[in-house]
Amino acid sequence: MQRQQLVEEIKILMDLVERKTTTLADSVMEIDVNEYTNPEQFQREKIELFRNYPQFVGPSCVVPESGDYFAFDDTGVPILIVRQEDESLKAFVNICSHRGAPLNECDHGKAKKGRVFSCPYHGWTYDLEGKLIGVPFGNEGFDTIDRDTLGLRPLDVQEKYGMIFVMPNPDKTFDIDETLAGLQERLSGFGFEDHYYLGAKQVFTDFSWKLNMDTFHEYYHFEFLHAESIATMAYSNTAHYKQYGRNHSMGSPALAINELKDIPEGQWEPREYASFVNFIFPNTVIFVVNDHFQTWRVYPITPDRSVVYHSMFLPNRPQEGEEREQYEAYFQMINDVAVSEDYSLVDKINRGLKAGIERKVLVGRNEPGVQNMHRQLREVLGK
Ligand code: FES
Ligand SMILES: [Fe+2]
């Protein structure tokens, strides 16, 4: 996102602060508790949102060099994404053509010697293009197989604006611009391709992936749930909201934003005075603040269990020692706030949802992000 766009957003935020209000949706939304708990709906979500819908993988810097890979299996399809020698990307179903083992652990890393993947079970090997190039004891044990047809199954992967998306269903393709629906104009310019990937924290939560996502879409709760943490830095219940197709963006003003009144506009550093949430439907939040950005990717496991990957990306590789420790401590602190404040509260909400009491969940006009996620979800599921 170019500086001028951020400056314009800062002006909107200053106006909202002045008027003590926030971007409002047209009306209050009601969500039946059933939409969170129904096991049939859950199965449809797994298919329509996590198998047949393009998935955000990460910024391009998760696989910076030829031979680098990123593997995850949280959509239900084990996926392997590999940087090729010509710097393009390929993605495969991460299932060995022999007896089906994944070729590596779910994480990021480098292919052996930067060139091959060797299955940990019986050592079948594949090159970066997914071609089967080695079968131990193959001449005798597998004398009749046609190796040319036994490469890794390709998936549609696309990289643009410093971001990587993949389609888990091998029979489907997608268009990245259509998926982003304009959000790319806000996102390009943040330099997602050349940040340093500090790492990811995996957190399992005993509640629905949707309850998990709900926590990221509104600023109404800052003053109450985060009174001692975030609310000491940012305004509660004041945010600028904008929709892009199924996605949306939100800006949140820091308490210090009015300092800008005394600074000439040409000298503003917008990211010091606001944070920016970018929601990529259905399960990703890219949080841009100060000098860095973070991603949160949430995946369903069962109707009331989910997993979130919280990843940190820095403008440069930190120096070993004090600088790295400071960033690691900051990363841990942010993660702790989410786990100890948001997630421990949502645990209790989940108990209420499962109590079998028929009622509606209410989402206010001041919570347009929460409304959008559920509205889009209903649309994709045809509800
Ligand atoms: S399952 Fe991969 S080599 Fe046997
Ligand atoms: Fe929160």
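## Basis and overall form

The model is predicted, and local features need pLDDT of at least 70, side-chain atom pairs count only at pLDDT 80 or more, while totals for chains, interfaces and linings use all residues. Residues are numbered from 1 along each chain as its sequence is written, and chains are lettered from A and ligands numbered from 1 in the order in which they are written.

The protein chain holds eleven helices and 20 strands, where helices (H or I, at least four residues) and strands (E, at least two) are DSSP runs numbered from the N terminus. Its radius of gyration is 22 Å, which agrees with the value near 21 Å that a compact globule of 383 residues would have; the radius is taken over C-alpha atoms, and the globule rule is 2.2 Å times the number of residues to the power 0.38.

Seven strands, in the order 13-19-18-17-16-15-14, make up an open sheet with antiparallel pairing, two strands being paired if DSSP finds at least two bridges between them. Strand 13 (196-205) and strand 14 (240-244) are at the edges and have a single partner strand each, so one side of each lacks a neighbour in the sheet.

## Strand 15 and its partners

Strand 15 (residues 247-253) is joined to strand 16 (residues 274-280) by six bridges in the antiparallel sense; among the bridge partners are His248 with Phe279 and Ser252 with Ser275. On strand 14, Tyr244 is the bridge partner of Asn247, and the hairpin of strand 14 and strand 15 has two residues between the strands, with Gly245 taking a positive phi near 55 degrees.

Seven of the seven residues of strand 15 are buried, so the strand is largely enclosed by the rest of the structure; a residue is buried if 20 or more other C-beta atoms, placed from the backbone, lie within 10 Å of its own. Asn247, Ser249, Gly251 and Pro253 point one way, and His248, Met250 and Ser252 the other way. In a regular strand, side chains alternate between the two faces of the sheet.

## The nonpolar core

The largest nonpolar core has 80 residues, and those with the most contacts inside it include Ile81, Tyr69 and Val166; such a core is a set of buried Ala, Val, Leu, Ile, Met, Phe, Trp, Tyr and Cys residues joined through C-beta atoms within 7 Å. Domain 1 (3-54 + 182-381) and domain 2 (55-173) both contribute residues, so this core lies between them, the domain bounds coming from an automatic or database domain assignment.

Notes: Buried ≥ 20, exposed ≤ 12 C-beta atoms within 10 Å, placed from the backbone.
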